[in-house]
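Me: I have a model open and would like to go through its contacts and surface. Could you take my questions one at a time?
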Amino acid sequence: MDYISLKGTINSAVKVISFTPYLVRFELKTAEQSYNCLVAKDALNFMYLAEEAAPISIFGHFNKRKQLVVDKYHVQSGVLAR
């Protein structure tokens, strides 16, 4: 399995596509191209942090359908945890 690390922005609304287990989908836009991304690990926290047009760094791998499965992420957002 080949892993990839990318930086870009969230280019679409973050959507829940499955509830058991939670699975979240979004589009990542980099300088070169766009990627369809899936988040399964810590998906609810990702939904809380992610906003459209927010800068994001991800680390993940491609599945059989050429979707980027995110293993780790860092979202720069305006949400403050208290």
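Me: Which residues does Ile-58 touch, leaving out those up to four places away in sequence?
Reply: In this predicted model, Ile-58 touches Ile-4, Ser-5, Leu-6, Leu-28, Cys-37, Leu-68, Val-70, Lys-72 and Tyr-73, with residues up to four places away in sequence not counted.

Me: And which residues touch the most other members of the largest nonpolar core?
Reply: Ile-58 is one of them, along with Phe-26 and Phe-46; the core has 20 residues. At least two residues of this core come from each of β1 (3–10), β3 (22–29), β4 (34–39), α1 (43–49), β5 (55–62) and β6.

Me: Which element gives the most to this core?
Reply: That is β6, with 4 residues.

Me: Now the surface. Which residues form the nonpolar patch?
Reply: The patch is formed by Val-16, Phe-19, Tyr-22, Leu-44 and Met-47, which together have about 460 Å² of accessible area. Both β2 (15–19) and α1 supply at least two of the patch residues.

Me: What about Tyr-22: where is it found, and why does it count as partly exposed?
Reply: Tyr-22 is found in strand β3. Tyr-22 counts as partly exposed because its relative accessibility is 36%, and that class lies between under 20% for buried and over 50% for exposed.

Terms used
Residues are numbered from 1 along each chain as its sequence is written. This is a predicted model: local features need pLDDT of at least 70, side-chain atom pairs count only at pLDDT 80 or more; totals for chains, interfaces and linings use all residues. Side-chain values use heavy atoms; hydrogens and water are left out. A nonpolar core is a set of buried Ala, Val, Leu, Ile, Met, Phe, Trp, Tyr and Cys residues joined through side-chain atoms within 4.5 Å. Buried means under 20% relative accessible area, exposed over 50%, partly exposed in between (1.4 Å probe, protein chains only). Contact means heavy atoms within 4.5 Å. Patches are made of residues with over 30% relative accessible area and no salt bridge: like charges are joined within 9 Å, nonpolar side chains (Val, Leu, Ile, Met, Phe, Trp, Tyr) within 5 Å. Accessible areas come from the Shrake-Rupley method with a 1.4 Å probe; for residues, only the protein chains shown count as cover. A salt bridge is a side-chain nitrogen of Lys or Arg within 4 Å of a carboxyl oxygen of Asp or Glu.
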